[in-house]
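Here is a short report on one protein chain. Look over the sequence and the 3D view first, then read on.

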Amino acid sequence: MITAKTISEEVGVGDLVLSSPHGQYGSLVGIVIAVEKVGTPEHETDNPGDDIHVNFAASDYSPERKAEIVRSFAHTG
């Protein structure tokens, strides 16, 4: 489950986010592309919180970081 927090307000479309270093998408930078609130027809998962969709491919990572990400995902799947 992804937990999203901001300093002053809710996470919204267009926000820049950094994923937790311990999660499935550890330490990636991305842009929120959709937020599906609990209780709305768009919220189709069993998550107890809002579904937050993030585009992690939008960031400009160095070639070294890209290789690290590829290695990380190669070991998880």
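Which side chains meet in a salt bridge? They are those of Lys37 and Asp50, at 3.5 Å from N to O.

## About the model

This is a predicted model, in which local features need pLDDT of at least 70, side-chain atom pairs count only at pLDDT 80 or more, and totals for chains, interfaces and linings use all residues. Residues are numbered from 1 along each chain as its sequence is written, and side-chain values use heavy atoms, with hydrogens and water left out.

## Fold

The protein chain has 1 helix and 3 strands. Their order from the N terminus is β-β-β-α. Helices (H or I, at least four residues) and strands (E, at least two) are DSSP runs, numbered from the N terminus.

## Surface and contacts

The protein chain has 77 residues, and 16% of them are buried. Buried means under 20% relative accessible area, exposed over 50%, and partly exposed in between (1.4 Å probe, protein chains only).

The protein chain exposes about 5,900 Å². Carbon and sulfur atoms supply 55% of that area. The areas come from the Shrake-Rupley method with a 1.4 Å probe.

Take contacts (heavy atoms within 4.5 Å) between residues at least 6 apart in sequence: 30% of them join residues at least 24 apart.

## The salt bridge

A salt bridge is a side-chain nitrogen of Lys or Arg within 4 Å of a carboxyl oxygen of Asp or Glu. The count here is 1. Lys37 and Asp50 both lie in the loop between strand S2 (29-36) and strand S3 (51-55), so the pair ties together parts 13 residues apart in sequence.

Lys37 is partly exposed, at 32% relative accessibility. Asp50 is partly exposed too, at 30%.
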